[in-house]
Amino acid sequence: MNRVAKTTALSAAVALLITLQVAPLAWADRTTTSGKSKDAEGGRNGRTMYVQTKVQTTVNGSSSTAKSGTLSSADSNWTPPACWYEPAFSPKQIEATVKLWRSIDGVPFIGGVGDFVGDTLDARYKDGRPYKDYNLDKQGEGMFWAAAVNPNRKDDPEASACDKPPFWVDNGDTPEEPLALTPQVLAEYAYDELPVPGTEIEMKPAGATKVNLPTWIWLDRAKFRKISVTASLPGTGLSATTTAEPVSLHIDPGTNDAQTYPASGDCEINADGSIGEPYAKGKANDTPPCGVTYLRASGSDGSYPLQATVTWNISWTSTTGEGGDLPEGTFGATQDVTVQEIQSVNR
């Protein structure tokens, strides 16, 4: 074994010795073979080990997971799950993991570590505390469930909440564990995967405008339409689809010296899916259905940070018939707007 392999094995062993009450590092190497999936990664978060999830996500039936932005929950007290427990290992896989750890005792500098780790794991999964003989007599009747972390939230403090070592669940049973994978957890994970488009608005005048001149703002109907993501657990028939539908655009002009249209700054979505109305010749003095009038110039070489934020209604359905609403999501972007004084000529 080369030096890199020895160092890697030693690091893994030391890490496991620190985290004897959680899943061993050797269990974090599973991958799926489906080209249509996006998988959460295995690894470490603080003192906790996580396996790579089997959960796969698809966007409108496509394998594409590219997105322009991530929704933020309008409810500051709610976020998608940072971690959960899911079916991960069969009894034979648990037995094989113990054998793998015992096999590293042939590596120089870490002799005895493999047996120590193996003995620790056997105390839980072989010697009846609480499992006997890795549950080999139940092969095919259930799985050991283990913690997986949401890759979008792996740095959140909540990602350490799933700190239980793998535990047994019979096929068809629902674990008495609040963070166990359920249709709603799948739906909430799909929330994090919604590929919402950017909110760069169309404006007229574009880039620079004049004091007291209405600026028209709109968004293309082809860009802002319903978006859905399905999260599924292969081999179980369990999936949930989360759908986001745009409902309004909020305009924050970036200064108090401005008037928005409507006065609230909330531009509702039109029947055809567009927001606002494109400017047309001859409407320079009309009031736009969605827009802003700046009352003061932005100053020499300055600009106002106009922020446009789209609000999305979120709902979900599942293969179990469960479903409902999730907190609204928002996604916004900022554009610089230069506002100039109207120049007049004295004769």
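Start by selecting Glu86 and Lys54: the side chain of Glu86 reaches the backbone nitrogen of Lys54 at 2.8 Å. That is a polar contact, meaning a pair of N or O atoms within 3.5 Å; within protein, one must be able to donate a hydrogen and the other to accept it, and residues adjacent in sequence count only if both atoms are side-chain atoms. You are looking at a predicted model, where local features need pLDDT of at least 70 and side-chain atom pairs count only at pLDDT 80 or more, while totals for chains, interfaces and linings use all residues. Residues are numbered from 1 along each chain as its sequence is written, and side-chain values use heavy atoms, with hydrogens and water left out.

Stay on Glu86 for a moment. With 0% relative accessibility, Glu86 counts as buried (under 20% relative accessible area, using a 1.4 Å probe and protein chains only).

Now select Cys83 and Cys162. They form a disulfide, with sulfur atoms 2.1 Å apart (the cut-off is a pair of cysteine sulfur atoms within 2.5 Å). Cys83 lies in strand S5 (residues 83–89) and Cys162 in the loop between strand S6 (142–149) and strand S7 (167–170), so the pair ties together parts 79 residues apart in sequence. Look along the S-S bond: its torsion is about 90 degrees, so this disulfide is right-handed. Both Cys83 and Cys162 are buried.

Where does the next disulfide sit? Pick Cys267 and Cys290, joined S to S at 2.1 Å. Cys267 is in strand S14 (residues 266–268), and Cys290 is in the loop between strand S15 (275–276) and strand S16 (291–294), so parts 23 residues apart in sequence are tied together. The S-S torsion here is about 85 degrees, so this one is right-handed too. Cys267 is buried at 2% relative accessibility, and Cys290 is buried with a relative accessible area of 1%. A search of the whole structure finds two disulfides, and they follow the pattern 1-2, 3-4, counting bonded cysteines along the chain.

Of its 71 residues, Ile217, Leu249, Leu306 and Trp312 touch the most other members. Strand S17 (residues 304–318) gives the largest share, seven residues. Click Leu306 and, leaving aside neighbours within four places in sequence, you'll find contacts (heavy atoms within 4.5 Å) including Ile201, Met203, Ile217, Pro253, Tyr294 and Val337.

Conventions: Helices (H or I, at least four residues) and strands (E, at least two) are DSSP runs, numbered from the N terminus. Buried means under 20% relative accessible area, exposed over 50%, partly exposed in between (1.4 Å probe, protein chains only). A nonpolar core is a set of buried Ala, Val, Leu, Ile, Met, Phe, Trp, Tyr and Cys residues joined through side-chain atoms within 4.5 Å.
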